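Subject: Handover of a protein structure

Dear colleague,

Please find below the sequence and structure that I am handing over to you. I would be grateful if you would look through them before reading the notes that follow.

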Amino acid sequence: MNSISAGRVHLSTRNALARITQRSSGRVLIVHRNYHDESFGFRKARDFTIPDYTSDQLTNRATNAPLLRYADSLRTHGHRAASIDPLDLLRRERVAALDPIRYGLDDPNRTFDVDGIIWTGEGQQEWTLEKITSFLNSVYVGRIAYEYMDLPSKTERLWFAKLLESQSALEPMTIIDADKRKSIHSLLAKSEVLDNFLQVKFPNLKRYGLEGGESMLPALNALFEAASKAGITQLILAMPHRGRLNLLTGLLEYNPTSLFHKIKGGCEVDESLGVSGDVLSHLVASPTLQYGEADGIKVSLLPNPSHLEAVNPVALGKARAKQYRMLKTQTDEKNNQDCMLGDKVMCVQLHGDASFTGQGVVMETLGLSGLPRFTSGGSVHIVVNNNIGYTTPASSARSSFYCSDIAKMINCPVLHVNGDCPEDVVRAVDIAFKYRNHFRKDIVIDLIVYRRWGHNELDEPAFTQPLMYEKIRSRSSVPKLYEDKLISDGVISVEAARAVRDSYKASLNTALTDVASYVPPPMTFEGAWKGMVWPASPAARQEETGVSNAVLKDVGKASVHVPEEFETHSRLNRHVKNRLKIVENGEGIDWASAEAMAFGSLMLEGCDVRIAGQDVGRGTFSHRHAMLVDQKTEGVIVPLNHALTEAKGKLELANSSLSEMAVLGFEYGASWERPDLLPIWEAQFGDFFNGAQIIIDTFIASSETKWLKQSGIVLLLPHGLDGAGPEHSSCRIERMLQLTNDSYTAQEKLNVNMHVVFPTTPAQYFHLLRRQIKRNYRKPLIVAAPKGLLRLAAASSKLTDMGPGTSFQPVLQDLGTLTDPKSVQRIVLLSGKIYYDLAKERATRNLQSRVALVRMEELAPFPFAALSEALAPYANANTQLEVLWVQEEPRNQGAWSHVRERIEEVLKELGIDGGVAYRGRKEDAVAAPGIGKLYGAQQLAVIDSAFKGL
């Protein structure tokens with residue numbers, strides 16, 4: 001079976017899967033359900049086993065039970081006594097559990113058979129208690145501390161014990177030779193030189209330096225090297241601001257001249273592209289680093305906002321999408337089948353201690369890490385732990401002892417390491433990578449360091465932490481301590497150490513001089529983005545979105561194809577029959593059918609489609625049914641994947657966890673990686689998007705303007721007042737429109753940051769989805785999606801509306817019985833589902849010839865030309881027109897505040913006097929009332945207001 005597409009339905013497992021629980025020997029065994037694991041995109045976790053204890057080992061463990069308890073206690077509680085805090089600020093009490101006397105072991109000379117109790121490799125099996133105590137303390141109560149004994153997997157616990165104990169018994173876990181020590185010294189020294197250089201040359205700069213946490217650099221260097229030698233070729237890196245400049249210039253080959261150019265007020269990219277840019281601490285780089293004979297590893301440091309941890313799910317989504325793209329383009333079938341997620345791509349996330357415990361997106365993203373449609377094959381997390389957040393000490397920043405305790409929610413092992421000891425940091429990284437690469441699961445390194453300055457270099461931390469900073473200011477720096485150690489050990493001379501610093505400082509001075517002639521390099525589209533253009537470029541074009549009737553019919557039928565032996569729910573038989581009927585007749589096409597036709601036609605053109613969110617397979621309103629579940633086995637098929645065998649593209653339905661921010665961030669990250677993917681996030685109700693507001697504000701709405709990062713992400717936000725109350729009615733169109741940079745006047749070539757639409761027909765929705773892929777650039781698309789219209793017969797389309805030559809129309813003309821524009825007295829402009837209420841009321845009042853209803857389907861970019869064209873016939877016939885804007889949302893919400901000035905601009909150009917008047921609900925603090933009678937009365941009043949006075 002192909003490693004990225006599992007389209008077969010394993011019906012032979014029917015009987016076995018039907019049983020969710022089974023009884024054996026009086027115990028209830030919970031069996032994991034097979035639900036979803038046959039459809040495209042599901043990544044089943046690998047099963048790992050380590051040989052269990054032999055019978056002799058089990059006997060020995062029973063015989064020496066007190067010793068076993070003592071050994072396990074050190075494994076479990078050793079971290080509580082370990083020397084992991086450079087400042088020794090952690091409040092640590094004596095750990096009684098580490099005393100062998102507690103277990104009746106009081107003779108240090110007594111010998112024990114340690115086979116099956118301590119993993120000594122092939123060494124001696126008879127050890128004295130004194131040797132056992134010394135050995136276990138050296139492993140578990142040193143400068144690296146381990147938390148793995150709480151893992152539910154015995155295999156993982158054994159893996160750690162064997163790795164740590166057998167290697168420690170035979171040889172050091174990671175050999176740090178002289179060359180590696182010199183490399184560590186160079187990284188540390190250069191980091192300190194950079195910080196000192198910037199302090200002297202730019203004393204008022206908030207650089208968020210790495211002083212006190214310099215061990216982060218050898219940690220990352222060791223991780224990059226280990227990944228490269230293991231065959232990983234792409235690494236996606238997410239990090240906050242602290243230490244970013246040190247990492248960029250010290251490891252990621254960022255040109256210091258470019259850095260100084262930015263510090264002096266220059267733009268990091270070509271200013272002619274019209275970007276606003278971002279701050280210094282958000283700069284990025286994507287070098288390919290070479291380690292020995294291994295293939296190069298490309299490290300992509302992602303741009304990030306100042307909202308800490310928000311970039312984490314974006315990095316995770318990009319990493320998974322990159323792996324999928326590599327798998328899909330893999331030409332070697334054997335390698336394709338053998339390659340698993342995480343083999344070639346790895347996600348690395350850096351965190352701060354305060355944000356790791358304080359920001360909810362951390363929990364949400366961790367929750368995605370092991371899900372079959374979201375895993376990227378395991379992330380390595382490094383918490384750069386200053387034991388302080390701005391001015392808040394750890395005691396006030398978290399309820400847990402360690403900042404890393406949040407990771408225990410996913411049974412994640414944690415390694416705590418003393419940042420004053422760079423070689424131990426490198427060893428900890430080596431262990432962490434081995435775990436991640438073996439189990440393809442997340443692991444956390446708690447790198448305990450300190451912050452030499454305040455939150456920034458202009459801050460005075462002693463205002464609030466006088467004792468902490470008294471300790472910090474009285475100690476030598478981490479680079480100087482390590483340098484002195486190497487000199488003492490004879491690894492490096494005083495002169496050589498000075499030369500490293502002097503040479504780097506000279507290069508920085510040269511780079512600063514070069515700023516005068518520096519010009520940012522041009523931005524080009526490479527890799528998967530090759531062939532794309534900037535949206536404002538003359539080369540930007542709109543492609544045909546219509547599809548032949550034959551293809552539409554084939555896709556429509558395929559979307560409900562059910563294998564003979566597959567047993568669907570009886571109530572879905574009607575769904576299948578209705579879909580086949582409307583496809584054959586060519587009319588009555590509903591929203592779900594149009595969507596399926598858009599998906600399937602794109603798949604036939606080689607594009608993948610991924611839709612994520614809560615209930616997306618079935619659809620919140622039980623309308624989509626893009627996946628079918630066998631009623632006997634719970635095996636799943638996605639008919640479009642199953643029936644469109646010639647399609648190179650696939651549809652992935654990612655029913656997600658109950659998360660908005662992390663899931664949307666994940667899908668957004670995928671959109672950065674794959675322009676050939678149609679990525680969709682569907683909110684269960686549009687109101688719930690605000691759980692992801694940070695992603696929308698800092699990524700979706702602004703990435704192109706800040707970072708020149710395009711995205712084709714689609715947000716489906718079910719919207720419409722229908723009596724469902726304050727939190728099930730509105731996607732807050734007003735907020736989305738406020739986030740756009742839409743012009744107030746007509747512009748010939750306008751690059752609006754994202755498109756906001758409120759379509760009223762399935763055909764319009766069909767064209768919008770296809771337009772996302774068919775253009776040679778990418779834009780986020782915000783769709784105020786339907787609820788009640790999903791099954792409204794009046795809100796249906798014909799196949800001919802989606803055929804060749806058709807396209808999305810930003811403004812829809814009146815479809816009433818208008819024959820003479822001169823008879824029109826009132827033009828009602830509107831957007832969304834209220835059109836159907838007004839059209840019905842207009843017919844009831846027999847006002848078809850006097851009232852024109854004009855739908856604005858696209859709100860941003862505002863359709864100046866299309867609206868002018870739609871209103872021109874009425875303007876030419878009658879200059880005394882009354883123009884209304886009618887909406888069902890409260891006046892302070894909806895599109896009114898966005899469209900008013902723009903509509904009046906069009907009316908002015910057409911010579912229509914009087915402007916545009918508002919009709920609708922009054923201002924309100926909520927989107928909709930929760931009282932049914934009140935909602936009904938308000939809705940009737942809104943509808944009446946459109947025709948009042950006629």
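Residues 1-33 deserve attention at the outset: their pLDDT stays under 50, and the model has 57 contacts beyond four places in sequence for this stretch. The structure is a predicted model, and the protein as a whole averages a pLDDT of 90, with 93% of the residues scoring at least 70.

Two pairs of helices may be considered next. Helix H23 (residues 661-673) and helix H24 (residues 693-700) have axes that come within 8 Å and cross at roughly 25°. Angles under 35 degrees count as roughly parallel, and H23 and H24 are therefore roughly parallel to each other. On the H23 side, the residues in contact are Met-661, Leu-664, Gly-665, Tyr-668 and Trp-672; they meet Ile-694, Ile-695, Ile-696, Phe-699 and Ile-700 in H24. By class, this contact of H23 with H24 has nine nonpolar residues, one polar residue and no charged residues.

In the second pair, helix H19 (residues 549-558) packs with helix H20 (residues 572-585) at an angle of about 175°, and their axes are 9 Å apart. Since angles over 145 degrees count as roughly antiparallel, H19 and H20 are therefore roughly antiparallel to each other. Here Lys-553, Gly-556 and Lys-557 in H19 meet Arg-579, Leu-580, Val-583 and Glu-584 in H20. The contact of H19 with H20 divides into two nonpolar, one polar and four charged residues.

The N-terminal end of H6 is capped by Asp-177, with a side-chain oxygen 3.3 Å from the backbone nitrogen of Asp-179.

Finally, two details of the backbone should be noted. Most residues other than glycine have a negative phi, and most peptide bonds are trans. Asp-88 is not a glycine, yet has a positive phi of about 55°; this residue is placed in the loop between helix H3 (65-77) and strand E3 (111-113). The peptide bond from Ala-860 to Pro-861 is cis, with omega near 0°. Pro-861 lies in the loop between strand E26 (858-860) and helix H29 (864-877).

Yours sincerely

Key. Residues are numbered from 1 along each chain as its sequence is written. This is a predicted model: local features need pLDDT of at least 70, side-chain atom pairs count only at pLDDT 80 or more; totals for chains, interfaces and linings use all residues. Side-chain values use heavy atoms; hydrogens and water are left out. A polar contact is a pair of N or O atoms within 3.5 Å; within protein, one must be able to donate a hydrogen and the other to accept it, and residues adjacent in sequence count only if both atoms are side-chain atoms. Helices (H or I, at least four residues) and strands (E, at least two) are DSSP runs, numbered from the N terminus. pLDDT is the predictor's confidence in each residue, from 0 to 100. Contact means heavy atoms within 4.5 Å. Axes are lines fitted to C-alpha atoms, for helices over the stretch in contact, and angles run from 0 to 180 degrees between N-to-C directions. Angles under 35 degrees count as roughly parallel, over 145 as roughly antiparallel, 65 to 115 as roughly perpendicular and the rest as oblique. Ala, Val, Leu, Ile, Met, Phe, Trp, Tyr, Cys and Pro count as nonpolar, Asp, Glu, Lys and Arg as charged, and the others, Gly among them, as polar.
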